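Me: I would like to learn how to read a protein model one feature at a time. Could you take me through this one slowly?

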Amino acid sequence: MKMWIPKSYGDVQVELLNMDETSIEARIIEDMDCGVAVFYDRRWDVTHVLAEWLVEHMEEFQGKKVMVLGAGVGAETLVLAKGASHLWINDLSSVALDLCGEQLEHNGLMNYTKVLGRYEEVEMPKVDLIVASFLVYDRMTLESIRKFFTGQQSRFILMNEHLKEFRAFMGESEVKVLFEVDGAACIQM
């Protein structure tokens with residue numbers, strides 16, 4: 001099985017880690033078996049939709065400092081790193097961050113810093129934009145995002161499926177819907 005899968009987002013060509021490749025899958029399973037309650041972006045089509053939108057709207061992050069919350073292995077991080085002056089990738093899983101870093105470096109992108117830990121608890125670098133994909137999916141993640149936004153000043157773009165917790169978050173926050181597609185929405189705060 002191939003380690004890398006070619007993928008196009010608009011006119012941006014990248015190679016994504018093959019999450020089904022035996023050695024990659026083993027690292028993910030080991031991480032989950034150790035009790036790290038995280039999920040990986042291969043399950044979320046909305047991540048690829050976000051990456052497509054980002055290619056079409058590179059002016060949103062071109063030359064800016066960007067943080068990706070809950071990056072996972074991060075298909076969207078590849079697009080963001082191509083335009084951002086610097087990219088911070090955050091995840092609760094060190095394995096996810098390592099895989100994301102490997103994927104960025106394989107694509108020749110070195111302008112990133114890993115930030116391990118719960119996004120609502122880590123020390124945030126000063127950034128121009130925060131991006132996330134499928135961050136609000138249960139009661140715990142809803143509480144985490146609420147806590148995160150206490151005092152947050154940076155612009156925020158979130159792509160998420162219309163789960164009840166995400167709808168609750170949208171209802172209690174001032175958001176601008178950038179676009180909707182197939183049961184999901186991309187919002188800006």
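Me: Is Gly101 buried or exposed?

Reply: Before answering, please note that this is a predicted model, in which local features need pLDDT of at least 70 and side-chain atom pairs count only at pLDDT 80 or more, while totals for chains, interfaces and linings use all residues. Residues are numbered from 1 along each chain as its sequence is written, and side-chain values use heavy atoms, with hydrogens and water left out. A residue is called buried under 20% relative accessible area, exposed over 50%, and partly exposed in between, using a 1.4 Å probe and protein chains only. Gly101 has a relative accessible area of 1%, so it is buried.

Me: Where is Gly101 placed, and which residues is it in contact with, leaving aside its neighbours within four places in sequence?

Reply: Helices (H or I, at least four residues) and strands (E, at least two) are DSSP runs, numbered from the N terminus, and Gly101 belongs to helix H4. Contact means heavy atoms within 4.5 Å; apart from its neighbours within four places in sequence, Gly101 is in contact with Ile89 and Tyr112.

Me: At what angle do H3 and H4 pack?

Reply: Axes are lines fitted to C-alpha atoms, for helices over the stretch in contact, and angles run from 0 to 180 degrees between N-to-C directions. Helix H3 (residues 75–83) packs against H4 at an angle of about 45°, and their axes are 10 Å apart. Angles under 35 degrees count as roughly parallel, over 145 as roughly antiparallel, 65 to 115 as roughly perpendicular and the rest as oblique, and H3 and H4 are therefore oblique to each other. In this packing, Ala75, Thr77, Leu78 and Ala81 of H3 meet Cys100, Gln103 and Leu104 of H4.

Me: In what order do the strands form the open sheet?

Reply: Two strands pair if DSSP finds at least two bridges between them. Here seven strands make an open sheet with mixed pairing, in the order S5-S4-S3-S6-S7-S9-S8. Strand S5 (112–116) and S8 are the edge strands, each pairing on one side only, and the twist averages 15° from one strand to the next. Strand S4 (residues 86–91) pairs with S5 in the parallel sense over five bridges, and Asn90 has Val115 in S5 as its bridge partner. Helix H4 (residues 94–106) lies across S4 and S5, and runs at about 170° to S5.

Me: Which residues of helix H6 are buried, and why are they on the same side?

Reply: An α-helix has 3.6 residues a turn, so residues three or four places apart point the same way. In H6 (residues 164–172), the buried residues are Glu165, Phe166, Phe169 and Met170. They cover an arc of only 140° around the axis, which puts them on the same side of H6; the arc is that of the directions from the helix axis to the C-beta atoms. Lys164 and Gly171, on the other side of H6, are exposed. The buried residues pack against helix H5 (139–148) and strands S7 (155–161), S8 (176–181) and S9 (184–188).

Me: What is phi of Phe134, and what is phi of Asp182?

Reply: Most residues other than glycine have a negative phi. Phi of Phe134 is near 50°, a positive value in a residue other than glycine, and phi of Asp182, likewise positive, is near 40°.
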